[in-house]
Amino acid sequence: MTRTADGPIRWAIVATGGIASSFAADLHATADAEVVAVASRTEARARAFADERGIDRAYGDVGAMLDDGDIDVVYVATPHPQHTAPTRLALEAGVAVLCEKPLAADPAEAAALVALARELQVFLAEAMWMRCDPLLIEARQLVADGAIGELRVITADLGFPAPYDADSRLWAPELGGGALLDVGVYPVAFARTFLSDVPELVGVAGALAPTGVDADATVLLAAGAVQARLSCSLVAPLPSTGSLVGTAGELRFDAPVHRPARRTLVRPGQAPQVTEAEPHLPAYAHEIAEVHACLRSGRTESTLIPLDESLEVLTILDEARRQLGAR
């Protein structure tokens, strides 16, 4: 059972790759968090990860880790197609889950996880750190308050040249490779943050890598009178910025759009209003704080990262991949 008094929130980590390492470091920098266990494909890999970071328990099996108990929440950082099994195990054990984006490589699997979490009343959230960023949270209120008039156009992109390796996570279809699932999820989630209606995929253009995954893509969404033009790439250094254009102004987000350094409000005849991001905070600090707040208050879903919207974003990405013919 989650500690709701003064004790730290006890985390376990599934996977030992780069993002798991970064997240573990930020957990260690969080006063009310404690990393108590890690699981990987082999116990040796898990033990090496644990020893380097001062984590007591290491496992080559997620089920064994959960059976030993003393865990409040599991962070799942495996490749996309491997999200479902550990997430399901944790939920069935009554343990909260923060699962890396997207929730699964397949929308049906993700929907099943959401249904299970709701049935069991266990916390589940997609690890979409961008949606916990104060600059975006405040921007939602600015748009709702009419600061830029009526929202009409959303643009966002995220891209970088990744070394091509047919066996790597980014390029291998069996590991959920491709630009849309890995980086395109951010621009699409950015757009969904500011839309009151579920967007429709109007069109997609892109190119495939030799392995058959999407190397880059641009999608066009429509939701009522609002259009969103969103791009992602694993082969080109995109500006990685975002903007919300309304009938009376614009909100601009500096790169990188998934963790912007500043937000600028531009309105005709007025000086630009610049808001800087909080300096010196760990990258995942706001996301961790949101999970902790949910667990301590007994909430099973985050209002900042709604599960329904996570499913909507994944459905859009899946259909875009299908239209491109990506594996």
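**Ground rules.** I am working with a predicted model, where local features need pLDDT of at least 70 and side-chain atom pairs count only at pLDDT 80 or more, while totals for chains, interfaces and linings use all residues. Residues are numbered from 1 along each chain as its sequence is written, and side-chain values use heavy atoms, with hydrogens and water left out.

**Empty space, the terms.** Rolling a probe the size of a water molecule over the atoms shows where empty space is left. I used a 1 Å grid over the protein atoms alone: a cavity is a set of points where a 1.4 Å probe fits but cannot get out, and a pocket is an open set with protein on both sides within 12 Å along at least five of seven lines. Lining residues have an atom within 4 Å of a point. Grid points are joined across faces, edges and corners, and a volume is the space filled by probe spheres set on the points. For naming elements, helices (H or I, at least four residues) and strands (E, at least two) are DSSP runs, numbered from the N terminus.

**Largest pocket.** I looked here first. The largest pocket holds about 820 Å³ of space. I found 36 residues in its lining, with Ile-19, Ala-77, Thr-78, Pro-79 and Arg-169 nearest the centre. Two or more lining residues come from each of α1 (18–28), α4 (84–92) and α7 (179–193). I sorted the lining into 17 nonpolar, 11 polar and eight charged residues. My classes: Ala, Val, Leu, Ile, Met, Phe, Trp, Tyr, Cys and Pro are nonpolar, Asp, Glu, Lys and Arg are charged, and the others, Gly among them, are polar.

**Second largest pocket.** This one comes to about 250 Å³. Of its 21 lining residues, Asp-133, Pro-134, Arg-259, Ala-277 and His-286 lie nearest the centre. The elements giving two or more residues are α6 (134–144) and α8 (285–297). I count 13 nonpolar, two polar and six charged residues in this lining.

**Helix against helix.** Two packed helices are described by the angle between their axes and the distance between the axes. Axes are lines fitted to C-alpha atoms, for helices over the stretch in contact, and angles run from 0 to 180 degrees between N-to-C directions. Angles under 35 degrees count as roughly parallel, over 145 as roughly antiparallel, 65 to 115 as roughly perpendicular and the rest as oblique.

Among the residues in contact (heavy atoms within 4.5 Å), I noted Leu-91 of α4 and Leu-113 of α5. This contact has six nonpolar, two polar and three charged residues.

Next came α7 with α9 (residues 307–324), which pack at about 130° with axes 10 Å apart. These two helices are therefore oblique to each other. Residues in the contact include Val-185 and Ala-189 from α7 and Glu-309 and Val-313 from α9. By class I get 11 nonpolar, one polar and four charged.

Most residues other than glycine have a negative phi, and most peptide bonds are trans. I went looking for exceptions. Lys-101 and Pro-102 are joined by a cis peptide bond, with omega about -20°; Pro-102 sits in the loop between β5 (96–100) and α5. The bond from Ala-255 to Pro-256 is also cis, with omega near -10°, and Pro-256 is in the loop between β12 (249–253) and β13 (262–266). Asp-70 is not a glycine, but has a positive phi of about 60°; I found Asp-70 in the loop between α3 (62–67) and β4 (73–76).
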